[in-house]
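Please read the following briefing alongside the sequence and the coordinates.

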Amino acid sequence: RTTRWDGRWLAVLTGNTATSNGSGRPTKRADDRALHLLGFERLQRGVAIRPANLSESAESTRARLIDVGLRSDCGIALLDGLDETTTIRARSLWDTAALRRDYARAIARLETGRQRLTQMPEERAMVESFRLGGAVIRQIVRDPLLPPPLVPAGELSALVRAMRAYDAAGRACWRPFLERHGIDFADAPADL
């Protein structure tokens, strides 16, 4: 879903005054949620940005943002040539140290958990694989997909590889139970 980053930024212009969608429901929370899901952070009031490293077009990103709850009256723009102070501030919007720590912690939990699954009773292993696997899948889905040099290349990929290995071990835990109930669980959606 990403491509090489050339230093430009994708900006969503949310405006300063909209607080309701006409039904009285606050929209700032929905806007913030949608923006966060696609890796945007607020640069200043009314402007949220992310590195322009997504492989889809700006208009496709805007459509996806609207699909996940962003108001349709928000604009999108490609920013180039930010001044040095703004660039430094933009690069600091994401807590990349915490993101990298979370990658490393999740990988360690997956590797330890994968080894433990084979030693647990079937029911406990199924619950454990569901909980840990689900938590890491949420982490991967919510990742902002930041490019180098913000996050070193390969760290998210290492987490995805560890999750695939854990998924295979988790499937092995679930297989006997599902086969007893006549469910074919050989392939994951990703495998299909």
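**Overall composition**

The protein exposes about 11,500 Å², of which carbon and sulfur atoms supply 52%, with accessible areas taken from the Shrake-Rupley method with a 1.4 Å probe, where for residues only the protein chains shown count as cover. This is a predicted model, in which local features need pLDDT of at least 70 and side-chain atom pairs count only at pLDDT 80 or more, while totals for chains, interfaces and linings use all residues. Residues are numbered from 1 along each chain as its sequence is written, and side-chain values use heavy atoms, with hydrogens and water left out.

**Fold and dimensions**

- The secondary structure comes to 6 helices and 4 strands, these being DSSP runs numbered from the N terminus (helices: H or I, at least four residues; strands: E, at least two).
- Read from the N terminus on, the elements follow the order β-α-β-β-α-β-α-α-α-α.
- Taken along the principal axes, the box filled by the C-alpha atoms is roughly 55 × 40 × 25 Å.
- Of the 192 residues, 35% are buried, where buried means under 20% relative accessible area, exposed over 50%, and partly exposed in between (1.4 Å probe, protein chains only).
- Among contacts (heavy atoms within 4.5 Å) with a separation of 6 or more, 74% are accounted for by residues 24 or more positions apart.

**Nonpolar cores**

- The largest nonpolar core has 30 residues, of which Ile49, Leu110, Leu117, Val136 and Leu159 touch the most other members; such a core is a set of buried Ala, Val, Leu, Ile, Met, Phe, Trp, Tyr and Cys residues joined through side-chain atoms within 4.5 Å.
- Two or more residues of this core come from each of β1 (9-13), β3 (47-51), α4 (96-117), α5 and α6, and α6 gives the most, with 7 residues.
- Another core, of 12 residues, lies apart from it and includes Leu10, Leu38, Leu65 and Leu70.
- Leaving aside residues up to four places away in sequence, the residues that Ile49 touches include Trp9, Leu10, Phe40, Leu79 and Trp94.

**Packing of α5 and α6**

- Helix α5 (residues 122-141) packs against helix α6 (residues 155-180) at an angle of about 145°, with the axes 9 Å apart; axes are lines fitted to C-alpha atoms, for helices over the stretch in contact, and angles run from 0 to 180 degrees between N-to-C directions.
- The residues making this contact include Phe130, Val136 and Ile140 of α5 as well as Met163, Trp174 and Phe177 of α6.
- The residues of the contact divide into 15 nonpolar, 4 polar and 3 charged, where Ala, Val, Leu, Ile, Met, Phe, Trp, Tyr, Cys and Pro count as nonpolar, Asp, Glu, Lys and Arg as charged, and the others, Gly among them, as polar.

**Backbone features in the α5-α6 loop**

- Most residues other than glycine have a negative phi, and most peptide bonds are trans.
- Leu145, found in the loop between α5 and α6, has a positive phi of about 55° although it is not a glycine, and at 15% relative accessibility Leu145 counts as buried.
- Pro149 lies in the loop between α5 and α6, and the peptide bond from Pro148 to Pro149 is cis, with omega near 10°.

- Arg71, placed in the loop between α2 (58-67) and β4 (75-79), is buried, because its relative accessible area is 12%.
- Asp67, found in helix α2, is exposed, because its relative accessible area is 68%.
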